[in-house]
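Here is a friendly briefing on who touches whom in this model. Have the structure open as you read, and follow the interfaces one by one.

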Amino acid sequence: MALLEATNITKIFGGLTAVNDVTLTIEQGSIVSVIGPNGAGKTTFFNILTGIYKPDKGDVIFDGKPIGGLRPDQIAALGMRRTFQNIRLFHNMTVLENVLVGMHTHLHAPIWNIIMRSPSLRREEGRARDRSRELLRFVSLDNKRDELAKNLPYGDQRRLEIARALAGDPKLILLDEPTAGMNPNETMDATNLIRRLRDQLGVTVVLIEHDMRLVMTISERISVLDYGTKIAEGDGQVIRSNPRVIEAYLGKGAAGMAGHPPA
Amino acid sequence: MATSSPQTGGTGAWDRLSGLLGRGPGGYAFLSLYLLITSLTLLLNPRTSLLTDVIFILFLLLLLIVYRTRVHIGFKVALGVIALGVVLPYFGTLNPYYIDVATQAGIYVALALGLNVVVGFAGLLDLGYVAFYAVGAYIWSIFSTPQIGAMISGAVPVPNVWFYGFILVGLMIGGAFGVLLGLPVLRLRGDYLAIVTLGFGEVIRVLAENLDKPINITNGAQGIKDIARPPIFFSGALRAIGLRQLDDNQLYQFFFYFMVLVIVLITVMIVGRLKNSRIGRAWTAIREDETAAIAQGIPLVRMKLMAFGVGASFAGTMGVVFAAKQLFINPPTFDLLTSISILSMVILGGLGNIPGVILGAVLVTLLNLQILPRIAEILRSAKSAGVPIPQSFDPTQYQRLLFGLLLILMMIFRPEGILPEDRRRQELHEDEDEPSEESAGATA
Ligand SMILES: Nc1ncnc2c1ncn2[C@@H]1O[C@H](COP(=O)(O)OP(=O)(O)OP(=O)(O)O)[C@@H](O)[C@H]1O
Ligand SMILES: [Mg+2]
């Protein structure tokens, strides 16, 4: 069953067509990668899915509902969460608080109960804290829960962003370059974490990545964008041998080297 | 890296002091002795003078020390009750001036805490906050005086017992005006937001000044006088326990002191609970990064309006109390300078941090009402005693200048405020040597 169907998405900035007539279907429970050279429109595509940009053309159907007219917070509340290419944590909040903010759509205590500290509020807060710590354990950050987010090392910040996204119990999580800036060890941990998102939590994953080894090992489907256009789609094997992909990555004339994975 | 950076001097000293006091019975003995000594010297020296001012400040300082010391919470509460509930009011019977100062300080504490919701928690710079205070004050002033008859012919003032209900009316109307201001400025940030809120504050003041025609609503520049005070049900009981016979004015001084104290306590409780709730966390998230906040499903519009509304409701409430206490209000009471003064309390004390904001409000009030006028007075008497101060130099004129200088020095040497929010403490000292988020993202 398709969890997300984006059809004929086009986004134009001034004269620049950042995303050009892209159609993408994400099956429930899959891990899908979106790759492409710098400036290909990958992040813009994510921003359209999550409602930050309105597309100039095209529709997005998420979990059976058209979400084209919805605000980003409404889309997030429906269960589509994301991380950002240049990590956007709440820097001056603690690790635990960051995850608690991610749980916002699941907390409903009215203001009156908060002021009165009613038993139902205390139960809700208690549950939220327990759940947040569970998620922090899932990304191995529970021992740092009282640190300020900005004081975390880089790799931890990326994982905290994932924990925060998970706090909304998403059906779909969009990861924008989750291993950017990581060393090989950290990348391996991140790869495992992404797998566990799907295998243990049942979350469907779409990721933008430049690390081809990670992309090839983890994804069941890969879509390639180049200058805003989807130029190829398929599993690792298909993408690896597609001459247009190789050309996009290595430039004209490189297609003859088909068979070598673009690095 | 930030955790290992050396702490700023003041905070380190605090930590050492509270560590010293926290061990064993030393803290309890020190605090009890401190309270005893300051109380006694205060009560033995009730004349209004610079010395009394200093003792008064040392006396209030106890509360801050108690707050920062690790002693049993019950002991803290007991000291607080003795200091604010017994010693200070009793001192007030000896010298009513100081209880009035304390009441003023309390009013500003509540206002600063309200503004802190908007500026400190949600990060929305509001330069027109005094407008909501004005709205609350005018509501009670109009309805409790014959002014209501000037506005609606035939209408008579409400009975003064309605004051207690009007505290809630002030809260709701203040909140409603907060939302009203919030609506047009939702899309604005930073400087633009500050300018529009500043304009809003001025509009309310100018309206108060000019709405005496065609219908006389506010009585214009003349202001409204003879504002009703609420009936005091327990005056008999108060007189019975009072050590001397209290006249009506003194009774009302006590009444407003305790009323403000109660409102301040409730305000502290409410903002503290909000801060550590889903709502407070959402506000902080918006302050930190709007885009990331929306991506967590936080509805920006609703949460910002809520911040404006909640913050303004405290001002509306205090406006009602202020009008009844003051008996007379006019538009200049609610000028831009008051807004800026409240903002300076919030920033000086520690943006976002509740104890810091309380400290800032008390400090600025004492500075404005006591310390600066007193310094000016001393300089003046020194001048007339023959100290060579130029004839053209009038010390009273330079009070604001001194205050401004103090603010500038603070912002240079401790921009995060005296008692910064724990989360904020490092941030302002660090942005010089840390690469910004943008450049870190660009290299990725
Ligand atoms: N808000 C915007 N206004 C104008 N142009 C934009 C905007 N956002 C993106 N672009 C442009 O759209 C194009 C696609 O950008 P996008 O960030 O989507 O690329 P990307 O595939 O994510 O690249 P990278 O791998 O470098 O992250 C770029 O040329 C970029 O400059
Ligand atoms: Mg990108």
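D289(B) and R88(A) form a salt bridge in this predicted model, with 2.8 Å between the closest N and O atoms; the term covers a side-chain nitrogen of Lys or Arg within 4 Å of a carboxyl oxygen of Asp or Glu. Between chain B and chain A the count is two salt bridges. Because this is a predicted model, local features need pLDDT of at least 70 and side-chain atom pairs count only at pLDDT 80 or more, while totals for chains, interfaces and linings use all residues. Residues are numbered from 1 along each chain as its sequence is written, chains are lettered from A and ligands numbered from 1 in the order in which they are written, and side-chain values use heavy atoms, leaving out hydrogens and water.

**Chain B against chain A**

- Seven residue pairs are in polar contact between chain B and chain A, both residues at pLDDT 80 or more (a pair of N or O atoms within 3.5 Å; within protein, one must be able to donate a hydrogen and the other to accept it, and residues adjacent in sequence count only if both atoms are side-chain atoms).
- On the side of chain B that touches chain A, helix 12 of chain B gives the largest share, eight residues (helices are DSSP runs of H or I with at least four residues, and strands are E runs of at least two, numbered from the N terminus).
- In contact are 35 residues of chain B and 38 residues of chain A, where contact means heavy atoms within 4.5 Å.
- Chain B and chain A bury about 3,300 Å² between them, with 59% from carbon and sulfur atoms (buried area is the accessible area, 1.4 Å probe, that two parts lose on being put together, summed over both).

**The two domains of chain A**

- Chain A is assigned domain 1 (1-79 + 170-263) and domain 2 (88-169), with bounds from an automatic or database domain assignment.
- The contact between them involves 18 residues of domain 1 of chain A and twelve residues of domain 2 of chain A.
- About 1,200 Å² is buried between domain 1 of chain A and domain 2 of chain A, 74% of it on carbon and sulfur atoms.
- P170(A), L193(A) and L201(A) provide 37% of the area that domain 1 of chain A buries against domain 2 of chain A, more than any other three residues.
- Zero salt bridges are counted between domain 1 of chain A and domain 2 of chain A.
- Helix 7 of chain A contributes the most to the side of domain 1 of chain A that touches domain 2 of chain A, with six residues.
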